[in-house]
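Let's walk through this model together. Have the sequence and the structure open as you read.

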Amino acid sequence: MPVQASPVLLKHHSSSYKGTRSMVAVQPRRRLEPDIPAWTPILYQLQLTEIRDKADPLSLPISDRIRIGNQKRERGNFYFQREEYSMAAQTYCMALDMLTTRTHDSQDCTLEEEEEVNDYRVKCLNNLAAAQLKLEQYSEALHTSQDVLFLDPNNVKALFRKGKLLSDKGDYEEAMETLKKALKLEPSTKAIHAELSKLVKRQAGVTEMQKWNPKSAQLLGENIAPFLKPPKKKPPGMSWKLLLGALVVALGSLVTSVVLTARN
């Protein structure tokens with residue numbers, strides 16, 4: 001229940017012990033039931049009731065790993081919906097650390113357990129790639145998408161992301177192959193059609209640039225400057241006919257002036 005007090009946050013630290021109380025101030029972005037409007041300052045009082053060591057995934061049963069890993073994945077989805085993409089990515093990575101079939105004693109799990117773990121890993125990796133794209137971590141998102149395709153080669157989301165990222169990098173041939181595979185699996189998806197159309201235009205532009213090479217440096221040797229810059233036009237000179245005409249007019253004027261002077 002809201003308390004009228006100055007907002008204070010006491011972070012947990014190594015000296016915390018059972019019974020420690022902390023005050024946490026929050027402002028929820030959404031309305032809370034029953035009647036708390038969004039962005040209302042709320043002050044919570046928390047009490048530490050139990051301290052447990054972090055669970056070692058390799059020592060837990062597969063069923064516990066799946067349960068804890070999926071809880072962390074859903075927590076990552078919560079952060080993603082709140083547009084806290086960095087926290088979402090960190091939480092997805094924590095979930096992936098939990099979603100493993102390895103053990104300390106190298107015991108093999110059942111085929112059903114391995115398939116279930118891989119299924120949750122695929123979901124978590126796809127969510128992580130989405131968060132990395134929001135954070136503009138494009139190389140990481142490409143790597144994560146490839147990890148998805150290692151587990152599920154026909155995962156359309158990962159194929160689409162990989163194709164788009166490759167296209168943005170300029171790897172057009174591999175991008176075309178990847179997007180065509182995604183389109184074959186989901187021919188009605190408009191986003192794939194749009195990305196393929198964009199890719200075709202990019203390839204056409206590169207082809208036109210490669211064709212436009214009227215004077216290559218190899219043919220011209222070192223003297224390619226005239227083809228890099230247009231030659232400067234010389235200012236137009238006066239025609240010899242105009243000069244002759246002007247001279248005749250000048251002489252005529254001089255003769256006329258002399259005759260008039262002599263008469264006077």
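Predicted model: local features only at pLDDT ≥ 70, side-chain atom pairs only at ≥ 80, totals over all residues.

Residues are numbered from 1 along each chain as its sequence is written, and side-chain values use heavy atoms, leaving out hydrogens and water.

Start with helix 1 (residues 62–81) and helix 2 (residues 85–98), whose axes come within 8 Å and cross at roughly 170°. The two helices therefore count as roughly antiparallel (an angle over 145 degrees).

Now turn to the surface, where V26, Y44 and L46 form a nonpolar patch with about 230 Å² of accessible area together. Of these, L46 sits in strand 2 (residues 42–47). Because its relative accessibility is 45%, L46 counts as partly exposed (between the limits of under 20% for buried and over 50% for exposed, with a 1.4 Å probe and protein chains only).

Finally, look at the loops. Most residues other than glycine have a negative phi. W39, in the loop between strand 1 (21–26) and strand 2, has a positive phi of about 65° although it is not a glycine. E136, in the loop between helix 3 (111–134) and helix 4 (138–151), also has a positive phi, near 60°. E136 counts as exposed because its relative accessibility is 57%.

Technical notes
Patch = residues over 30% accessible without salt bridge, like charges linked within 9 Å, V, L, I, M, F, W, Y side chains within 5 Å. Areas by Shrake-Rupley, 256 points an atom, 1.4 Å probe, with all protein chains shown as cover. Salt bridge = Lys/Arg side-chain N within 4 Å of Asp/Glu carboxyl O. Helix = DSSP H or I, 4+ residues; strand = E, 2+ residues; numbered from the N terminus. Axes fitted to C-alpha atoms, helices over the stretch in contact; angles between N-to-C directions. Parallel < 35°, antiparallel > 145°, perpendicular 65-115°, else oblique.
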